[in-house]
Amino acid sequence: MGFIRTLIFVIIILIIGALVFIYSGSYNVAATNPDHFIVEWILKTTKNYSVKKHSENIERPKLNDETLVKQGHEHYEDMCVGCHGAPGKDPAEGFNPSPPLLKDAAEEMSSAELFWITKNGIKMTAMPAFGLFHSDEEIWSIVAFVKTLPDLTPETYKDSEQSDQPTLEDFTEGEQDEEVGEVQ
Ligand code: HEC
């Protein structure tokens, strides 16, 4: 009986301690404040196993298709490159956790895992759920492209980018030069 009483007492003290800590505001939520390595390990490991489990039963369509990869590349340029970068382009800074270059994920994760993450996003990070506004077909095309990232160099990435329609830069290049010239 004494043991149970002590246990309940300790639990109550822990809960009160946690509440005091939460309401005191002393925890620094700044993105610039790195996580303790134990917190980081817990979050990373929870994420990895969660993604594995939730993507278990997803069936992958045929991804080895040039048109699909090309479509995926366009979506990647529109929706992913600003955060994740690409060959020759650094990922965005200032996030915690940081968005990684997806080359390693492309090698280490299954297509189903990449699909699940892109569709559903990741809680408590800046990774959005693209499934809200994009069809499964569009998301598979992005996965098909992401899977080719390990084979792309900055040059081949640029080439495939430029083989497409003209970009905004093509239209504004001249204007920007003029503007730069006018600045005194
Ligand atoms: C607003 C920024 C942002 C955008 C836009 C974004 N992501 Fe992310 N993404 C993140 C962040 C931040 C993480 C890291 C999450 C983590 O470490 O748990 C991430 C993680 C991922 C991961 C897991 C990587 C790994 O190694 O664990 C994949 C896969 C991914 N994103 C794919 C995509 C794709 C595909 C797109 C475009 C359709 C995209 N993301 C767009 C911010 C973004």
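Which pattern does the protein chain follow, read along the sequence?

1. The model is a predicted one. Read along the sequence, its protein chain follows the pattern α-α-α-α-α-α-α-α-α. The secondary structure comes to nine helices and zero strands.

2. Contacts between residues at least 6 apart in sequence join residues at least 24 apart in 69% of cases.

3. The ligand is surrounded by 23 residues, and the closest are Cys-80, Cys-83, Pro-97, Pro-99 and Met-127. Two or more residues of this shell come from each of α4 (81-84), α6 (111-120) and α7 (136-146). By class, the shell around the ligand holds 18 nonpolar residues, four polar and one charged.

4. Helix α7, one of the elements contributing to the ligand shell, also packs against α3 (residues 66-79). The angle between α3 and α7 is about 95 degrees, and their axes lie 7 Å apart. Helix α3 is therefore roughly perpendicular to α7, since angles of 65 to 115 degrees count as such.

5. On the α3 side, the contact is made by Leu-68, Val-69, Gln-71, Gly-72, His-73, His-75 and Tyr-76. Helix α7 supplies Glu-138, Ser-141, Ile-142, Ala-144 and Phe-145. Sorted by class, the contact of α3 with α7 has six nonpolar, five polar and one charged residues.

Definitions and conventions: Residues numbered from 1 in each chain as written. Predicted model: local features only at pLDDT ≥ 70, side-chain atom pairs only at ≥ 80, totals over all residues. Near = placed C-beta within 6 Å. Helix = DSSP H or I, 4+ residues; strand = E, 2+ residues; numbered from the N terminus. Nonpolar A, V, L, I, M, F, W, Y, C, P; charged D, E, K, R; others polar. Axes fitted to C-alpha atoms, helices over the stretch in contact; angles between N-to-C directions. Parallel < 35°, antiparallel > 145°, perpendicular 65-115°, else oblique. Contact = placed C-beta atoms within 7 Å.
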